[in-house]
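Subject: Structure handover

Hello,

Here is the structure I promised you. Please open it beside this message and follow along.

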Amino acid sequence: MSAARHGGRAKCLQRLVRMDLPLPTTVALSFSCVHAIANGRMPDMDEIMRHFGEAPLLSVRPSSQDPDWGGPGAILNIGMNDSRHVRMCDELGEEAATSLYLRFIQSWAVHVARLDPDSFDIPDHPGPDALQAMLAAYEVEADEPFPQDPSVQLCEVLRSMARAWEGTTARLLRQAKGAPADAGLGLVVQQMALGVGQGECGSGVIQFVDSLTGLPQVTGRYLSQSQGRDALKAGAGAIYLTRDDRGPSFEELCPDAFARLLRMGDLCRERLREEMQIEFTLQEGKLHVLDAVRVQRSSRASVRIAVALAEDGMIPREEAVLRVEPQALSELLHRHVDPSAPRDLVVSGIAASPGAATGRIVFSANAAQASAARGEPCILVRRETTPEDIRGMHAAEGVLTIRGGITSHAAVIGRGLGLPCVVGASDLTIDRKKRQVIAPGGRRLSEGEIITLDGTSGEVLAGEPAMFEAVLDGAFRRLLDWADDFRDIGVRANADTPADAQTARNFQAQGIGLCRTEHMFFEEGRIGMMREMIFAKDEAARRTVLERLLPMQRADFARLFEIMQGQPVCIRLFDPPLHEFLPSDRAGLRDLADGLAVSLSDVEARVSALTEYNPMLGMRGVRLGITVPEIYEMQARAIFEATVQASRDGDPVVPEVMIPLVSAMREVELVKARIDAVAAQVRTQSGVEFDYRLGVMVETPRAALRAADIAQHAAFLSFGTNDLTQMTYGLSRDDAGRFMSIYVKNGVYEEDPFHSLDLEGVGELLKIGAERGRAGRPDVTLSICGEHGGSRSAIEFCRKQGFDYVSCSPFRVPVARLSAAQLALRERLDIDEKVTVGRFF
């Protein structure tokens, strides 16, 4: 018997039988048998019934290959009829026998005969005539008496469950969960062990680890015979399993059965190599095991259980690494909303940066900083963020924007900071005069009101629901250490500040793959100098301002080198258009004029001169470095002087200097000549020899197509998939969120290309760029550093193309490390990506 032919539940029950656990008689029907039943070809019912003796009571449960694929609900007490009811009244008492019969009639009518459920409600306290009334209701609704033959009952149950699985609705639901269209269903027919009768009887469930923490702990409940097995899920009349101050326990009531269950738990863990929940009954002191299922577990417990099983020798470390979903790590890195907490949904947007945060609404960076200074957590709400908002983002607990997509400014910075972020909440509007947010239906939330962002689901909630805190324990770190032993591609982090670099180091990133230097200029005390440089009248004046910025940049880079302790640091030279450093509103322009001691008209004229129709395709990146070379020269000097300083204090540093937005080889030649000259000057002035590597950020289609030429002057090519996707599609990554869901829904794009790397289009450019880059320079280092870098599909693609590393936001580094290890292990062990590892049902 295999899970691929009979389903996981049947396979697990077979293993329990082989372990000599006391299971009731069980018959498993294969996928092909159930498929035949759905098409009207019934099995030999006499042969099935032969296994269960005279007048049996049976249950039928679904057995799919993966429990997440769902299936029809179980049907219990098959075989219950008038004559059996009479016998059971003598054996169990009329109340218990009638309760069993009523529940079976109700289940049959609703799930097998497909009759109106309202006609078969069971009274809370059924009287002596309730059974006859229920049977009469069935005869009226079905135009026939309730079936009395157990064989007929079982036949119709099997037919109903098989057809339910094959139905269109069920097929679509399981396909949405990742099941193949032709996924099969097995059915398990089992003798009922009611847990009712004379002497000590009851039913319960027991598990041996805590579902939330994964720590060893016996939990579960036991129901006395007065409640019956079906009441178990309702929890009525339950007693706890272990001794404590909550009253009598199953351990005290039935010590022998409790001890036997503990031994069964150990045996299941050893033989099934999994933490199991055992469903059992006790009938006149005799223990029956009805089923064993994999313990439901939180992300925290999933990691701890996998690590504990490996450390105890139950499973190899490879399997422990494969068992944990990468998304589970993401949940552990951030606070998240308690799944059981009530949610007052205000609006839904795009889940841009995971985690949850609660705070008071503020509408500006200044207000966020003021709120933080008062010790009041806040949520920064903006139409869209700009680099000028970074100070406020640092101060806020979370960010909510009305515009933007998965690679918008707010999303990228939020992920880098580990800041929960919801973007593209286009159903919201901001009433600036009243300082309010207007939600769908006219609901208004004023500045200062408390909201909660769920950056994992994209939901904005009113109030403050219960939270679970981040958990980074020893099991988390051991799992990632094992993952590093198996992965075959490097994982670096995108880090723009020393704080980002420290986070990356804590998560054991193998260096910095992208440091966006412009973010350093938005800190207080620097943005004013940047604006002064922008308004400088000539090169000499600009150089004067840049000389004042030089020591600040040098200190930033020296700190990065110190934190990374000899790991590679790739520093991208200045990229954004200059207008991003200027205010956009009139109040901000007046403040700027006052700060520069110039007239407002002069400020407006300069801003107008810098205005571009499409600034993202205008004078930015290398174009700015060539037209205003003193900026890149200052940055290069800061990098090399920091290199000299860091090399004196510790391990030698070999910085990587990256030129952004390249589209032609000549651009690289011009910038390289200037940077080489600065390097020579620093070597001469310091008397210290050092090396550096110059590379190119490939984010234009032409750079990918001309990679052979460009690579002749570049030691590395790092593909910036954010801009490369934007330019390949001709889409604005900030605006596409307004219509992207419609495009995906209509099948124009399979997924949002800013969220999941487009392997067919953008991926083709990456492949071409990699091949041509290696043709131009065989030893060229290849990587991607866009936000796609942490995604599983992108890592898989990069491995296949022979890339050296991926780089992603610091908080995505653990997820990328685990994903890379799993991909390498699946390839090595020849395990298909769709196959779930270590699950038996």
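A strand here is a DSSP run of E with at least two residues, and strands are numbered from the N terminus. Keep that in mind for N77, which is found in strand β3. One caution before going on: this is a predicted model.

**The whole chain**

The chain has 841 residues, and buried residues make up 54% of them. It holds 33 helices and 30 strands. Its C-alpha atoms fill a box of roughly 105 × 60 × 55 Å, taken along the principal axes. Look at the contacts in the chain with a separation of 6 or more: residues 24 or more positions apart account for 67% of them.

**The four-stranded sheet**

Start with the sheet that contains β3. This open sheet has four strands, in the order β1-β4-β2-β3, and the pairing is antiparallel. Which strands stand at the edges? They are β1 (26–29) and β3 (75–78). Each has a single partner strand, so one side of each is left without a neighbour in the sheet. On average, neighbouring strands of this sheet are turned by 20 degrees against each other, direction ignored.

Now look at β1 and β4. Strand β4 covers residues 185–191, runs antiparallel to β1 and is joined to β1 by four bridges. L29 stands opposite L187 in β4. Helix α3 packs on this sheet and touches β1, β2 (58–64) and β4. The direction of α3 makes about 95 degrees with that of β4.

Back to N77 in β3. Its phi is positive, about 65 degrees, although N77 is not a glycine. Most residues other than glycine have a negative phi. Is N77 buried or exposed? N77 has a relative accessible area of 2%. Buried means under 20%, so N77 counts as buried.

**A helix pair**

Two packed helices are described by the angle between their axes and the distance between the axes. Take α3 (residues 31–38) and α8 (residues 150–166). They pack at an angle of about 95 degrees, with their axes 8 Å apart. That makes α3 roughly perpendicular to α8. On the α3 side, V34, H35, I37 and A38 make the contact. On the α8 side, L158, R159, A162, R163 and E166 do. By class, the contact of α3 with α8 has five nonpolar, one polar and three charged residues.

**Strands β14 and β15**

Strand β14 (residues 378–382) runs parallel to β15, and four bridges join the two. R382 stands opposite T401 in β15. Strand β15 (residues 398–401) is covered on both faces. G398 and L400 are buried on one side, V399 and T401 on the other.

**A three-stranded sheet**

This one is open too, with the order β17-β18-β19 and antiparallel pairing. What stands at its edges? The answer is β17 (429–431) and β19 (444–446). Each has a single partner strand, so one side of each is left without a neighbour in the sheet. Neighbouring strands of this sheet are turned by 25 degrees against each other on average, direction ignored. Strand β18 (residues 436–438) and β19 run antiparallel, joined by three bridges. V437 stands opposite L445 in β19.

**Helix α25**

How far apart are the end C-alpha atoms of α25 (residues 629–649)? They are 31 Å apart. At 1.5 Å a residue, its 21 residues should span 30 Å, so the two values agree. This helix is mostly covered, with 17 of its 21 residues buried.

**Towards the end of the chain**

Helix α32 covers residues 792–800. Its residues A794, I795, F797, C798 and R799 are buried. The buried residues of α32 pack against α31 (762–776), β29 (781–784), β30 (805–808) and α33 (813–829). After α32 comes G802, with a positive phi near 75 degrees.

L829 lies in α33. It is partly exposed, with a relative accessible area of 41%. L829 and E318 are 511 residues apart along the chain, yet their C-alpha atoms are separated by 9.7 Å.

D830 is in the segment after α33. It has a positive phi of about 55 degrees and is not a glycine. With a relative accessible area of 72%, D830 is exposed.

Best wishes

Definitions and conventions: Residues numbered from 1 in each chain as written. Predicted model: local features only at pLDDT ≥ 70, side-chain atom pairs only at ≥ 80, totals over all residues. Heavy atoms only, no water. Axes fitted to C-alpha atoms, helices over the stretch in contact; angles between N-to-C directions. Parallel < 35°, antiparallel > 145°, perpendicular 65-115°, else oblique. Contact = heavy atoms within 4.5 Å. Nonpolar A, V, L, I, M, F, W, Y, C, P; charged D, E, K, R; others polar. Pairing = 2+ DSSP bridges. Buried < 20%, exposed > 50% of the residue type's maximum accessible area, 1.4 Å probe, protein only. Expected span 1.5 Å × (residues − 1).
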